[in-house]
Amino acid sequence: METLIYKSSIAVHVLCGILSLIAGFVAMVANKGGKIHNRAGVVFYWSMFMIFVTTTLFFILYPTNLKYQFFLGIGIVSFYPNWSGKRMLTLKKGSDSRTVQPTLVDKIGAWLIGVSGICMLVYGAYLTINPPKDFGGLNILFFIFGTVSLSNAYGDLKFYLGYVKAEKMHWFFAHAGKMMGAYSAAITAFCVNIVPRFLPDNTPGFVFILTWTAPGIIIGIISARIIKKYKAKFKIAEKPSLSAKIKQLFSKKQLI
């Protein structure tokens, strides 16, 4: 029975992975707010949801397996932006709103992804101190994705708890950024499962770590460019970077 459940879950997991790659790409290139974008977005959301469900099921079936312990953390960190990105469409109040109106569910979700991040960091430290055989540098990945989880929690809670005021069209940029983050998780899963099959046995460990991290970095750069394009379209001023602030500070001192 256990084998049947596992094999069935694998089939669903792979199918939904393929669907998420296709639907996510279609939603990304289609006109925002149009029928194609919306329908592809729905397929992408539910595909990612089922990936999260099957990943959780793998952990329930094999809770002592280090691989599935890690996959559970990855499942959480990949599903959260998918879920909260869709929630952003509900939290907006008018298309030009500067406010975010989260419910208790949204705040709980943000706190939970933060707790998940802390657990991943602690477990990464544990694996560093007590490395199991052939753990393949998973401690580094626990550190990386634990930090990503905490970053997600901080990014949402500062708005949800009223510490930072949302900028114009916040819901739009938050939705876009989060969905791109979820899509990077789908791309990462694809790379992790396919790329190692073509690598030689003596491949250095850092190459495998790159298959986990490079897709997120690349999609992050693309996402930043897309968001910059839409900020220009909506005539929203870009916040000055740290380097720009430092240059501005020194130029003021020279004027004095």
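How many aromatic pairs does the structure hold? The structure holds 20. One of them joins Phe58 and Tyr68. Their ring centres lie 5.7 Å apart, and the planes make an angle of 45°, a tilted arrangement. Phe58 sits in helix 2 (residues 35–61) and Tyr68 in helix 3.

The protein chain has an average pLDDT of 82. A score of at least 70 is reached by 88% of the residues. Residues 252–256 stay under 50 throughout. For that stretch the model has zero contacts beyond four places in sequence. Where pLDDT is low, predicted coordinates should not be read in detail.

Now to the helix packing. Two packed helices are described by the angle between their axes and the distance between the axes.

Start with helix 3 (residues 66–91) and helix 6 (residues 170–194). Their axes come within 8 Å and cross at roughly 155°. Angles over 145 degrees count as roughly antiparallel, so helix 3 is roughly antiparallel to helix 6. The crossing is left-handed. Helix 3 contributes Ser78, Tyr80, Pro81, Asn82, Ser84, Gly85, Lys86, Met88 and Leu89 to the contact. Helix 6 answers with His170, Trp171, Ala174, His175, Lys178, Met179, Ala182 and Ala185. By class, this contact of helix 3 with helix 6 has nine nonpolar, six polar and two charged residues.

Helix 6 also packs against helix 7. The angle is about 155°, with the axes 8 Å apart. Helix 6 and helix 7 are therefore roughly antiparallel to each other. Their crossing is right-handed. On the helix 6 side, the residues are Phe172, Phe173, Gly177, Met180, Tyr183, Ser184, Ile187, Thr188, Cys191 and Val192. They meet Thr211, Trp212, Pro215, Gly216, Ile219, Ile222, Ser223, Ile226, Ile227, Tyr230 and Lys231 of helix 7. The contact of helix 6 with helix 7 counts 14 nonpolar, six polar and one charged residues.

Helix 7 (residues 205–233) has a further packing partner in helix 5 (residues 138–160). Here the angle is about 15°, and the axes lie 11 Å apart. Angles under 35 degrees count as roughly parallel, so helix 5 runs roughly parallel to helix 7. Helix 5 passes helix 7 in a right-handed crossing. Ile140, Leu141, Ile144 and Phe145 make the contact from helix 5. Ile209, Trp212 and Thr213 make the contact from helix 7. The class count for helix 5 with helix 7 is six nonpolar, one polar and no charged residues.

Terms used: Residues are numbered from 1 along each chain as its sequence is written. This is a predicted model: local features need pLDDT of at least 70, side-chain atom pairs count only at pLDDT 80 or more; totals for chains, interfaces and linings use all residues. Side-chain values use heavy atoms; hydrogens and water are left out. pLDDT is the predictor's confidence in each residue, from 0 to 100. Contact means heavy atoms within 4.5 Å. Axes are lines fitted to C-alpha atoms, for helices over the stretch in contact, and angles run from 0 to 180 degrees between N-to-C directions. Helices (H or I, at least four residues) and strands (E, at least two) are DSSP runs, numbered from the N terminus. Angles under 35 degrees count as roughly parallel, over 145 as roughly antiparallel, 65 to 115 as roughly perpendicular and the rest as oblique. A crossing is left-handed if the near helix is turned anticlockwise from the far one by less than a right angle, and right-handed if clockwise. Ala, Val, Leu, Ile, Met, Phe, Trp, Tyr, Cys and Pro count as nonpolar, Asp, Glu, Lys and Arg as charged, and the others, Gly among them, as polar. Rings of Phe, Tyr and Trp (its six-membered ring) pair if their centres lie within 6.5 Å; planes under 30 degrees apart count as stacked, over 60 as edge-to-face and the rest as tilted.
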